[in-house]
Amino acid sequence: MEAAKTKELRALAVRIRMAALDAIHSLGSGHLGGAMSIADVLAVLYGREMNIDVNNPKQPDRDKLVCSKGHAGPAVYGTLAVKGFFPYEELKTLNRPGTRLPSHCDRNKTPGVDMTTGSLGQGTSLACGMALGDKLKGRSSRVFLIVGDGESNEGQVWEALAFASAKKLDNLVVLLDWNKRQLDGWTEDVYPMGDYVAKFEAFGFDTVKVNGNDVEAVAEALEHTRQGSGRPCAIVLDTTKGAGIQEVADTVMNHSLTVSDEQYERWTAQLKAQLAELEG
């Protein structure tokens, strides 16, 4: 990938983090840690990989995103706002009466959201159904699924993955956000799942593991998924929960955090400094 494009995607990831922080601060609290960890993969998907049209977000042949860890909705909303699916100022209506931006992603409310999610595990089944439907209709589009590592404790995730492999859904790309923390602690302490790469491979997936907070590594991994192995693909994203804001990353229990005005100003200044360095 050209250096200019890499810098562009890194800047987009910072903008997504700023947008998610804006939304969560407007409410006073929210799922900040898991929103920050997927900003880089969202930047690559919406800045390079996905076939989408902001002026026609419902076009049948578009690529689709299912963010199964629906509590990370602020990161998805931030991405859509930055890309122009709806006005940026609407982020400040997050989870308020009458909003188009509920706490968890809702395809019936938010322009650009392809599937309603939030009940952990179910997004995987939904993504498999969408991928199968597209194949049966002869579409060339792909479905990208973001699933959490804590979420992968759910048996439904693995049932759906077995289905994807059995049906040879090579238009499905699973992106596991391995940020190593979940609601109530470290994933290894709560419910250790072993080697995710080995698990995906055992389920018949073409699998790679990369630094999920490195846009260049993510882009290269997504390029690999276009090679057409005839199997569904999985990318294990080795990420940091709270990535991009060191103070958040250093907070062990950072699944959901309150964001004071003072914290917001400090963290926004840090992100603006990162953006200035990239765009200066």
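User: On what basis are the values computed?
Analyst: Residues are numbered from 1 along each chain as its sequence is written, and side-chain values use heavy atoms, with hydrogens and water left out. In this predicted model, local features need pLDDT of at least 70, side-chain atom pairs count only at pLDDT 80 or more, and totals for chains, interfaces and linings use all residues.

User: Why is the contact between glutamate 49 and arginine 142 called a salt bridge?
Analyst: The term requires a side-chain nitrogen of Lys or Arg within 4 Å of a carboxyl oxygen of Asp or Glu. A search of the whole structure finds 18 salt bridges.

User: Why is glutamate 49 called buried?
Analyst: Buried means under 20% relative accessible area, exposed over 50%, and partly exposed in between (1.4 Å probe, protein chains only). Glutamate 49 has a relative accessible area of 8%, and is therefore buried.

User: What makes arginine 142 buried or exposed?
Analyst: Its relative accessible area is 12%, so arginine 142 is buried.

User: How do you know that arginine 226 and glutamate 49 meet in a salt bridge?
Analyst: Their side chains have an N to O distance of 2.8 Å, which identifies a salt bridge. The two residues are 177 residues apart.

User: Why is arginine 226 called partly exposed?
Analyst: Arginine 226 has a relative accessible area of 47%, and therefore counts as partly exposed.

Methods: Helix = DSSP H or I, 4+ residues; strand = E, 2+ residues; numbered from the N terminus.
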